[in-house]
Amino acid sequence: MYINSRQRDKLFSITIICFSILVGFVLFSYPIESSYFPRFITFFLLIMGVILFVRSSISKENKDTYDIDKIEQIKTFKVGGLIFISLILYIIALKNIDYSISTIVFLSAMMYILGFRNLILNIVISVGFYAALYLIFFYFLGISTP
Amino acid sequence: MKKSFLSVFLCISVLGTFAIAKDYPAKPVSMIVAYSPGGGTDTAARVVSKYVKPYLKQRLVIKNKPGAGGQIGFTSLSTANNDGYTIGFINIPSIFLVKELRKNVKYNISDFETIANIQLDPVVLAVKADSPFKTFADFLEAAKKRTLNIGGDGPQSNNQLQLLIAQDKIGFKTNFVPYNGSGPSITATLGGQIDASVPSATSASNHVNNGRLRVLAVFADKPYEYLPGVPTISQASGVNVPSIGAALRGIAAPKNISATQKKFLENAFGNMMKDKEFLLYAKKTNLPLQYMNSIEFDTYLKKTQKEIKRYMHLLK
Amino acid sequence: MFENILTGLYTLADGMMLFSIAAGVIGGVIVGILPGLTSTMAIALLIPLTFNLPPHIGLAMLGGIYVASTYSGSISAILLNIPGTPASVATALDGNPMSKKGESNRAIVLSTFASCIGGIASVFALLLIAPPLAEFSLKFGSYEYFLLALFGVTVIASLSVGAIEKGFISGALGLLLSTIGFHPLTGFTRFTNDIPSLYDGIPLVVSLIGLFSIPEVISMLSTNSNIKDETQIKQQNNFAKFFPEILQQKMNILRSSIIGIIVGIIPGVGSSIGGFIAYDAAKKYSKKPEEFGKGSPDGIVASETANNAVTGGTLIPLLTLGIPGNPVTAVFLGGIMIHGLKPGAELFTVNSDITYGFILSLFISNLLFVPIGFLIAKYFIKITLIPYSILAPIILCLAVIGSYSIRGSTDDIIIMLFVGILGYVLNFFQVPRAPLILGLVLGTMAESELARSLSLSHGSVSDFFIHLVTRPISLVILLLCAYALYRGFTQHKKHNKG
C-alpha cells in the first residue's frame, strides 16, 4: 500500500475539505460576533482545499517528487503507531502511578524496543537521564512533579 | 527480611503521624497560585513566601496552576488535601466572577476556609497626562456628550465590573474595550489610543510617578496610599459607588482544615503583616497591604459575594 | 551620557557581576536548547533566587538567560530540526537542511555570529536611542497591530517549499487553532468542550513541542540512513573556518537587525515574528531565492540576527516606559519591581548605576554566548552520533516534561500529544509546519486586534477602514502588505516559469 505524492496531495485536500466543513458546522452554532474570524479562516481553508484538490487532479505528471521510498513509508506508519501508543501508556502511567518510576521504565523500555539491547547501559542511561531531568526541572527550577 | 521491612515502614508511618499531630508544620507547606510565574499575583505570592518563613518555621513553596482566569488553580485548591500542607492564594472577586459567569465550575465558595487577607488593589480611572480631562467632573461631562472608549483588563473582569457599577450608579455610558490585562490597557492609554482606562492601582502607580498618567479617581472606600491627592470615586462624583471591583489577594485553605492548623497559619500570616522588614519592603515596592484576619476576611467574602450577585446582570 | 556609561562600567567591573553574567549565559544556552524550557519560565522561576542578590547582579543574570536562550534555540533547530524556542522556527527551515548536508558546524557558526551581531546592534539601540524609539512604540494601536498581523500572514508564502496551497493551508490551520478558547473581547468559549485547560487556547510552546519533536522522532526512526559518518563531522570541527562567510552577509545582517529592533520595540509582537519577517525579507532580496528552505546561509543569518535583535528592542519600552513587550519582559518587569526599582525616568537618573550596568552587561552576555555556545555545540553536535534508539526516547521524555512544566498541568501533555498527531499527519502529507506556528503566533493578535479596532470604531466598519488609511503608521503597514503581496506573486510566477 504505497501512496505517491500526487495521491497524497489529493487525500490531504479531501481531508482538509471535510475538516473545514465539519468545523464550519460547529462555528455556525456560535454567535457571529464571537466567531466571524474563525468562520473566515475556515472558509479560506475550504477554498485552499478545493484548489489543491483541483491541482492534484489535473496535474499530469505522475512522477513522485518526494524521495520517500516504499519501505520507509510503511515504516512511518509502524513507528508512528508505536510512538503514539507508548506515549499514551506513559501519560496514563505518570498520571496514575508516579512520574519518576514511569519515566525510567518508559525510557528503558523504549530503548529496548528500538533496539538498544545492552541492559546495563540501558538502565544507567535511563536513571542518569532522569537524574538530570530532576536536577534541572524539579530541583533547580522548583517545578512540582506531575 | 520482609518483616524488618514492614517494621521500618510502620515505624516511619507512625513517626510521620506523630510529627503531624505534634508540631505542625513538619515539612514545607505548598501554596497554590492560580496565575503563571512572573505575573502580579505570583510575584506577590513569592514575596509573601519569603517574609512568612520565620513565622511559618518552614518553607512556603509556590505551586503555579495557571489557566482559565484562575479557574484551574481555584478548582485544584478546592479539591486539595486538607492536611494543612496545601494552602492557596485566592483572588477576590475573580473567584466569584469565574463561578458566576461560567458553566461547569467545579468549586464552591464554601469549599474554602479563609486564613488572612494580604493585599487590596483597587481599580482606578486613569487618563494620559496631557489629556483634557483634568478631573473626574471633566471626564463625566465629556462622557455625557459622546461615547468615550475606556480600556481595561477584560472581558468580564473585576475592572469591567467596577466600571459598570460606577456607570450604573452615577448614570453615564461608555464603550468598554477589553485589553489583555491592565498593562496593555495602560499602554493604549499612554499612546492615546483610548480616552481613558480602568487599570488596577498597582499597575498605574508607577506610570503616575513617571508623570505620564493621571488618575482621576480611585474606586475604593478610602484614598489609595501610593496615589496621594487622588479622590475616591464617591468623593469625586458625590454618589456612593460600592468598591467591590477592588482585587483582594488573600490566603485560603481547603475546607475542614483542623482548627489548630488554621490558628497556626492565621498567626503566622498575621505576624508577617506586622513584620517591620516586610512593611518596609512593601512601602518601597508600593505593595498595597490590607490585613484582614480569618473572620474579617470571611465576612468580607460573604458580603462581596452577595453584592456581586446583585450586579452580575451588568456583565452579562 | 558618557558619565552614565562610566558609572555603568564601574558597576560592571565586579567579579560577582561577571560571574552572574556567565552563569546566566550558560543557563540560558541550556534553557534554549531544551524544547520544553522557555526563557520566560526560567526567568520567572529564578526571580525569587535573585531576590536576595543586589539588583544589578540579579538583572545581569536574567539578561544573560534571556539573550543566550534566544540564541541557543537555533542549536537544536539546526541539529535536530526541533526548534528549542518559538524564535528559532525560521532558523530550522534552512539550518536543518544545511546540517543534513553534513555542514552542521557551518550552520552553527553562522547562527552564533548572526545572533551575536544582531543582539549587539539592538543593545546599541537600547543604549543610544531608547527614548525616541519608546515614543514610537506608543504609536501602535489596535489598527496597526491588526495590519501587522496581516503583514505577518504574507510571510507564509516565503515559508512554503513546494505547493503554495499547502503552505496557506498550514498557516490557516494555525490561525484556526489560535481561536480555540475565549474570544478576546466577548469571552465566549470556542471549541473547548468546557475543558478549562483549553480556555486560554493551546500554549504556543506546547504546540511547538508537539509539532516538531514528535514528528522528528518518528521520521528519524523510520529513515534508513541510520549510518552516520563520524569522519565527516570531525573533519570540519573547525569553527573559525566559517567566520569569513558571515562578513559576506553585511546587507542581510543590517536589514535583519533593523527589522528585529523595530519588531522588538513594538509591544506584544515577539521574537518569532521578527525572525519570520527577516527571513521573508532576506528571501525577497536574495539573488538565489530558490535556495531558501534547502540550506541557504542567508536564511539562517536573517532569522538569527533578527530574533536576537528583538531582545534589545523589547527592553527599550520596558526600561524607558515600564511597558513589557512580551512574556519575558513582563516577567523582567516583575524582577525589576521586586527590587523596588521603578522603570521610567527614575531608572536612568536615580538608579543609573544599576540601569547602565545592566545595559552594558548585555554586551558581555551577547559576546559571551559565542564561546559558550561553541563549547556546548561542540559536544551537542555529537548528539547526531548517538544511536536513534537512545536519542528518540530521550526526546520524547523531554517533550512530555516540557509540555507539562509550562503550566504544571498534565492536560498539556495530552494537548501536546494531539498536536503531535497533527504534526505527524502534516509531515506525512509533506505540508510545511513553520506556517502553522506563524499562524498560531499571529492568530490571537489578528483576531483580538481586529475585534478591538472594530470596538474602538464603535462597531462601524466604514470608520474602521477610514482609520486604517488615515493613521500614518497603519497606512505604511498597509502599503507594505500590498508590496509584499506584489513581490510574492511576481516571485512565485518567476519561480514557476524558471
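Tutor: Buried means under 20% relative accessible area, exposed means over 50%, and partly exposed lies in between, with a 1.4 Å probe and protein chains only. This is a predicted model, where local features need pLDDT of at least 70, side-chain atom pairs count only at pLDDT 80 or more, and totals for chains, interfaces and linings use all residues. Residues are numbered from 1 along each chain as its sequence is written, and side-chain values use heavy atoms, without hydrogens and water.

Student: Why is helix α17 of chain C called mostly covered?

Tutor: Eight of the eleven residues in α17 (residues 327-337) of chain C are buried. Among them are V328(C), F332(C), L333(C) and I336(C). Helices are DSSP runs of H or I with at least four residues, strands are runs of E with at least two, and both are numbered from the N terminus.

Student: What covers the buried residues of α17(C)?

Tutor: The cover includes α3 (39-50), α4 (55-80), α16 (297-321) and α19 (352-380) of chain C. Contact means heavy atoms within 4.5 Å.

Student: How many helices and strands does chain C have?

Tutor: Chain C has 24 helices and two strands. Of its 498 residues, 69% count as buried.

Student: How do you know whether chain C agrees or disagrees with a compact globule?

Tutor: The globule rule is 2.2 Å times the number of residues to the power 0.38, and the radius of gyration is taken over C-alpha atoms. For 498 residues a compact globule would have a radius near 23 Å; chain C has 22 Å, so the two agree. The C-alpha trace of chain C spans about 60 × 60 × 50 Å along its principal axes.

How values were computed:
Chains are lettered from A and ligands numbered from 1 in the order in which they are written.
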